[in-house]
Amino acid sequence: MNECYYDKRMDFFYNKTNTDTVDEWTGPKLIVVLCFGTFFCLFIFISNSLVIAAVVKNKRFHFPFYYLLANLAAADFFAGIAYVFLMFNTGPVSKTLTVNRWFLRQGLLDTSLTASLVNLLVIAVERHMSIMRMKIHSNLTKKRVTFLIISIWAIAIFMGAVPTLGWNCLCDITACSSLAPIYSRSYLVFWSILNLVVFFIMVVVYIRIYMYVQRKTNVLSSHTSGSISRRRTPVKLMKTVMTLLGAFVVCWTPGLVVLLLDGLNCTYCGIQNVKRWFLLLALLNSVMNPIIYSYKDDEMWSTMKRMICCSSEDKSQDRRSSRIPSTVLCRSTDTSGHYIEDGIIQGTICGKGDLGDKGNS
C-alpha cells in the first residue's frame, strides 16, 4: 500500500521531483517578473472593471452577447486575482507552502483558464443562434443568460478543484510531474489535451460561422435597402470574437504544450527554462482582451471614455462648487439629459441634468 504525504510541505515534493525554485527566481529576473506582473495585474483590474461597468451602464449593451462579454471580462479580473496570489506564493516561497495552499494557488489559475475557455464556447453558441437567423443578437432571455453564466463558473470551479478532490500524486510520488510537483502526470496530460482539443474545435467553428456570415451578408446586401453599417454589424461582432479567440489561443497554447510535455515525462525538453515566460504570456491574454473590446467596438470605447471623463469632471465639479454660487451651477436646459444619454454632447458636466432639476425645484 502506498504511503500518502498530506502533512508534508512543498519542499519535500520539490526535492523529490528535482525541481529548482530558487536560482531562477532571484536577482534581476525576479525583479523583472514582479514588475511586469504588478503592472499587468493593475491594468487587468482597472480595464476589465471598466468593461463590466460599460456593459451595465450602456443600455445598448443589454443583450446576451455583451452580458457574456462582461462575464469574460470578469474571468480576466479573476485571472488578475490568481496572478497576484501567485506572485506572493512563488519562487523560494513555494517550498514553504503547505499542500492545501499550493492547491489553492494552482486551482485559481486553472479556474480562470476554464472560465475564459467555457465562456468563449458559450459565446460561440450564442453567435451561432443569432447568425443562423441573420440577427445581430440572439433571443436568449436574461434568465437563460444568468443560468449560463452561473454554469460557466460552476464548471470552472469544479475543474480547478479536480486535483484537490483526488487526482494528484500525494499517494504516488513516482507519478508526480516536474512543473507541478503534486499534480499527477496523467492529470496534466488530460488537462492539456482537453484544452488543446477545445481550442481546435472552437477555431474551426468560429471560422465556419464567420465564412457563413460573410457569404450571407454579401448575398443580402444586394437585395436589401438597409444601411451598410447595420448589414456589417454581425460581421463586426464576429471579427471581435475571433480576435478574442485568436489572442486566447496564442497566449495559452505554449503553456499547455509545456504542461503536456511535462505530463509525458519529457526530461530533455528544457521546460523548466521557459515555464515562467509562458506564464507571463498567459497573463498577457487578460491584458489584451480589454484592448480588443475597445479597439474593435467603437461604442464600447466611447462608453469607457465617457465614464473616465465623467469621473474626472465630477471631481473638478466638486472643487468648483465650493467657490462658485450654486445658482450658477444649476443653470441647465431640459434637453441636456437627452444629449448626455446619447453621448453626443461635448464639454458638458456629467451631473448637469441632476443639477438642473435641483435648480428648477
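A: In this predicted model, helices H2 and H3 pack with their axes 9 Å apart, at an angle of about 155 degrees. Since angles over 145 degrees count as roughly antiparallel, H2 is therefore roughly antiparallel to H3. The crossing of the two helices is left-handed.

On the H2 side, the residues that meet H3 include Leu 34, Gly 37, Cys 41, Ile 44, Asn 48, Val 51 and Val 55. On the H3 side, the residues in this contact include Tyr 66, Tyr 67, Ala 70, Ala 74, Phe 77, Ile 81 and Met 87. Sorted by class, the contact of H2 with H3 has 17 nonpolar, 5 polar and 1 charged residues.

H2 itself covers residues 28-57, which is 30 residues. From its first C-alpha to its last it reaches 43 Å, close to the 44 Å expected at 1.5 Å a residue. Buried residues of H2 include Gly 37, Cys 41, Ile 44, Asn 48, Val 51 and Val 55, and each of these six also meets H3. Val 33, Phe 40 and Leu 50 are buried as well.

H3, residues 64-87, has a further partner in H5, residues 142-165: their axes come within 10 Å and cross at roughly 25 degrees. That angle makes H3 roughly parallel to H5, and the crossing is right-handed. Here Tyr 67, Leu 68, Ala 74 and Phe 78 are among the H3 residues in contact, and Val 145, Ile 149 and Trp 153 among those of H5. The residues of this contact divide into 10 nonpolar, 1 polar and 1 charged.

Key: Residues are numbered from 1 along each chain as its sequence is written. This is a predicted model: local features need pLDDT of at least 70, side-chain atom pairs count only at pLDDT 80 or more; totals for chains, interfaces and linings use all residues. Side-chain values use heavy atoms; hydrogens and water are left out. Axes are lines fitted to C-alpha atoms, for helices over the stretch in contact, and angles run from 0 to 180 degrees between N-to-C directions. Helices (H or I, at least four residues) and strands (E, at least two) are DSSP runs, numbered from the N terminus. Angles under 35 degrees count as roughly parallel, over 145 as roughly antiparallel, 65 to 115 as roughly perpendicular and the rest as oblique. A crossing is left-handed if the near helix is turned anticlockwise from the far one by less than a right angle, and right-handed if clockwise. Contact means heavy atoms within 4.5 Å. Ala, Val, Leu, Ile, Met, Phe, Trp, Tyr, Cys and Pro count as nonpolar, Asp, Glu, Lys and Arg as charged, and the others, Gly among them, as polar. The expected span of a helix is 1.5 Å times one less than its number of residues. Buried means under 20% relative accessible area, exposed over 50%, partly exposed in between (1.4 Å probe, protein chains only).
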